[in-house]
Amino acid sequence: MFKGINAIEFSKRFKTNEDCYRYLMSIKWNKDFECSRCGCKESHKGRLFYYRRCKGCSYDESVTANTVFHGVKMPMLKAFHMLFRITSKKKGMSTIELGTEVGVQQKTAWLFKRKVQAAMKKDKDDKLDGNVEVDETLIGGYSTFKGRSTETKEALFVAVEVLPDGRTGNIALQHIESFKADELKYAIKGHVSADALIKTDAHRSYQKLAKELKNITISYSEKGTAMEALHKQIMQFKNWLRGTHHHCSSEYLFAYTSEYEYRFNRRNKRKNLFNDILVRMMHQIPHPYNYLKTLCVYNT
Ligand SMILES: [Zn+2]
């Protein structure tokens with residue numbers, strides 16, 4: 001397992017495409033081979049070193065089959081270099097910088113980065129717990145789509161765990177359609193445990209929700225002074241979006257909220273990110289472009 005954020009160590013470990021394929025093989029077939037077609041557990045050598053041929057049905061399976069790496073067009077060494085940059089830099093990297101540094105077209109870097117961000121998306125049962133502050137904000141000026149004004153503001157749901165000693169625990173961010181009570185309820189249920197104690201501001205949607213969700217407490221104190229940890233997160237997310245990514249279209253805002261959340265919730269485990277994201281990508285189904293589109297938050 002490769003751990004760390006040291007570029008020299010990374011370059012020593014991964015010199016060729018073969019090194020990268022061998023690493024992927026150690027993730028996929030670490031325990032035992034299992035044929036994805038017939039379930040048979042025995043295999044021969046396949047037609048290339050990173051293939052295994054099933055003894056039962058003769059299916060010759062590549063290490064990248066049924067993983068996010070399926071159909072990735074660039075050499076594996078470049079994909080690994082991109083992943084290392086995405087995971088080792090504290091704030092990540094824009095796709096323009098990634099493309100230039102690794103030597104691929106920006107379009108290729110863009111698509112690969114979207115796949116990585118999709119793999120960063122939080123698991124469904126990974127919810128915030130304990131004392132949780134919840135708020136909503138508008139985020140604006142990022143839309144570059146035809147027919148949508150650049151002034152378009154997008155609604156964002158934000159939740160922050162406040163630990164007993166006052167420090168911030170994990171966070172959750174989600175692009176939502178509006179601040180209507182139903183939208184916020186959906187976001188709360190998706191990101192916050194049903195046992196958590198939730199604190200919100202006095203927005204009328206929460207007043208409506210508090211009648212239904214008994215674990216919501218409304219704070220009537222003035223905005224800005226209350227829920228400090230939460231407002232700090234909102235500001236930091238906006239700064240990160242502007243500073244690192246310059247602009248992002250509202251259509252892909254979900255990808256950026258996933259990335260920010262993933263990074264923040266693992267801020268003390270940066271050395272493990274490279275391996276963690278590789279394991280995630282090896283255990284998820286391929287993400288063709290059209291699939292990435294359906295991940296849009298309105299559908300999650
Ligand atoms: Zn088989």
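Tutor: Let's start with a rule: four donors count as tetrahedral if all angles lie between 85 and 135 degrees. Keep in mind that we're looking at a predicted model.

Student: Okay, what makes the arrangement around the zinc ion tetrahedral?

Tutor: The four donor atoms subtend angles of 100 to 113 degrees. The rule asks for 85 to 135 degrees, so the arrangement is tetrahedral. For comparison, the ideal angle for four tetrahedral donors is 109.5 degrees.

Student: How do you know which residues are the protein donors of the zinc ion?

Tutor: By distance: the cut-off for a donor atom is 2.8 Å from the metal. The SG atoms of Cys35, Cys38, Cys54 and Cys57 lie 2.3 to 2.4 Å from the zinc ion, so they count as donors. Along the sequence, their spacing reads C-x2-C-x15-C-x2-C.

Student: Why is cysteine 35 called buried?

Tutor: Its relative accessible area is 4%. Buried means under 20%, so cysteine 35 qualifies.

Student: And is cysteine 38 buried, exposed or partly exposed?

Tutor: Cysteine 38 comes out at 43% relative accessibility. That value falls between the 20% and 50% limits, so cysteine 38 is partly exposed.

Student: Now the sheet with E1, E2 and E3. Why do E1 and E3 count as edge strands?

Tutor: The order in this open sheet is E1-E2-E3, with antiparallel pairing. Strand E1 (43–45) and strand E3 (60–62) each have a single partner strand, so one side of each has no neighbour in the sheet. From one strand to the next, the twist averages 35 degrees.

Student: How do you know that E2 pairs with E3?

Tutor: Pairing takes at least two bridges. Strand E2 (residues 51–54) is joined to E3 by three, so the two are paired, and they run antiparallel. Within that pair, arginine 52 stands opposite glutamate 61 in E3.

Student: Why is the contact between arginine 22 and glutamate 18 called a salt bridge?

Tutor: The N to O distance is 2.9 Å. The rule wants a side-chain nitrogen of Lys or Arg within 4 Å of a carboxyl oxygen of Asp or Glu, so this pair passes. Both residues lie in helix H2 (residues 17–28), four residues apart, about one turn of the helix.

Student: How do you know that arginine 266 and aspartate 276 form one too?

Tutor: Their closest N and O atoms are 3.9 Å apart. That is within 4 Å, so the pair counts. Arginine 266 sits in the loop between helix H9 (253–265) and helix H10 (273–283), and aspartate 276 is in helix H10, ten residues apart. At 16% relative accessibility arginine 266 is buried, whereas aspartate 276, at 26%, is partly exposed.

Student: How many salt bridges does the rule give?

Tutor: The count comes to 14. One of them joins aspartate 60 and arginine 53, with closest N and O atoms 3.6 Å apart. Aspartate 60 is buried at 16%, and arginine 53 is partly exposed at 31%.

Definitions and conventions
Residues are numbered from 1 along each chain as its sequence is written. This is a predicted model: local features need pLDDT of at least 70, side-chain atom pairs count only at pLDDT 80 or more; totals for chains, interfaces and linings use all residues. Side-chain values use heavy atoms; hydrogens and water are left out. Axes are lines fitted to C-alpha atoms, for helices over the stretch in contact, and angles run from 0 to 180 degrees between N-to-C directions. Donors are N, O and S atoms within 2.8 Å of the metal (3.2 Å for Na, K and Ca); water is not among the atoms, so sites may look incomplete. Four donors count as tetrahedral if all angles lie between 85 and 135 degrees; four count as square planar and six as octahedral if opposite donors are over 155 degrees apart and all others between 65 and 115; anything else is irregular. Buried means under 20% relative accessible area, exposed over 50%, partly exposed in between (1.4 Å probe, protein chains only).
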